[in-house]
Amino acid sequence: MANVVLVHGLWVDGSSWSLVARELMNHGHSVTVVQLPLSSLEDDIAVVERALAQQRGPVVLVGHSYGGAVISAASHGADDVAALVYVAAVAIGPDETPGAVLEKYPASEGLRAIVADADGYIVLDRARFPELFADDVPRQEAEVLAVSQGPAAGACLAQSVEKVGWQERPSWYVLCTRDRIVTPEAQQGVADRIGAKVFVSEASHAVVRSRPSDVVEAIEDALTYAHG
């Protein structure tokens, strides 16, 4: 049986994967959706590592947005992880923070709309969330996503790890041409760096909601490799 582990990013939770997960399950795959605490990069990595430890057989590990940083680290030394799929995602290198990766490129409109509280927890401006994060998702759904955001600790973007898994195994990348959070330029730079096979989607950052079949296509391609 093919195993897929799905890891969400900032400002959404595991439910954001529901359409992708349902399609994969309809295709007969075993799916695990991880719920990140978003309390620190270290904590998020530990949650994914626990999920990986429960799999039996080859795994395709998928990360959306910040989730790409998490899977970069959690996949290191994980022998069952056969392939990585990045979805509009950040891939960190050794001793590199997610924030440092994003700082290599001009700041997107979305990243300029981050709001931090007194304790350093960050969200995306609620009023601008629909247009910046999910402008190709039905407006009412995007508005619900905006008010459902869980704040993320600044440590999620400020911590680093010593080793990463994309240096050990092949990667795939879903590049979203309408993304206003992680710009297409930044996504292309990340994909080039990790040597990923690129699938292009005319989608916003919320591609897992607006064009789930585009994401499934890339995952299925990685699964074919994993079980080849």
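Q: Why is Phe199 called buried?
A: In this predicted model, Phe199 has a relative accessible area of 14%. Buried means under 20%, so Phe199 is counted as buried.

Q: Where is Phe199 found, and what does Phe199 touch?
A: Phe199 is found in strand E9. Leaving out residues up to four places away in sequence, Phe199 touches Trp172, Tyr173, Val174, Leu175, Glu217, Ala218 and Asp221. The C-alpha atoms of Phe199 and Gly28 are separated by 22 Å, and these residues lie 171 residues apart along the chain.

Q: What makes E8 and E9 a pair of strands?
A: Five bridges join E8 to E9. A pair needs at least two bridges, so E8 and E9 count as paired. They run parallel. In E9, Lys197 is the bridge partner of Trp172.

Q: Why is Ser171 called buried?
A: Ser171 has its place in strand E8 (residues 171-176). Its relative accessible area is 4%, and the cut-off for buried is under 20%, so Ser171 is buried. Leaving aside neighbours within four places in sequence, Ser171 is in contact with Leu84, Tyr86, Trp166, Ile194, Gly195, Ala196 and Lys197.

Q: What makes E2 and E9 the edge strands?
A: Six strands form an open sheet in the order E2-E1-E3-E4-E8-E9, with parallel pairing. Strand E2 (30-34) and strand E9 (197-201) each pair on one side only. From one strand to the next, the twist averages 20°.

Q: How do you know that H2 packs on the sheet?
A: H2 touches strand E1 (3-7), E2, strand E3 (59-64) and strand E4 (81-87). The direction of H2 makes about 160° with that of E2.

Q: How do you know that the reach of H2 is close to the one expected?
A: H2 has 13 residues, and from its first C-alpha to its last it reaches 18 Å. At 1.5 Å a residue, 18 Å is expected.

Q: Why are the buried residues of H2 said to line one face of the helix?
A: The buried residues are Leu41, Asp44, Ile45, Val47, Val48, Ala51 and Leu52. Seen down the axis of H2, they fall within an arc of 160°, so they line one face. An α-helix has 3.6 residues a turn, so residues three or four places apart point the same way. The face of H2 turned away from the buried side carries the exposed residues Glu42 and Ala53.

Q: How do you know that the side chains alternate along strand E6?
A: In strand E6 (residues 121-124), Ile122 and Leu124 point to one face and are buried.

How values were computed
Residues numbered from 1 in each chain as written. Predicted model: local features only at pLDDT ≥ 70, side-chain atom pairs only at ≥ 80, totals over all residues. Heavy atoms only, no water. Helix = DSSP H or I, 4+ residues; strand = E, 2+ residues; numbered from the N terminus. Buried < 20%, exposed > 50% of the residue type's maximum accessible area, 1.4 Å probe, protein only. Contact = heavy atoms within 4.5 Å. Axes fitted to C-alpha atoms, helices over the stretch in contact; angles between N-to-C directions. Expected span 1.5 Å × (residues − 1). Arc of directions from axis to C-beta.
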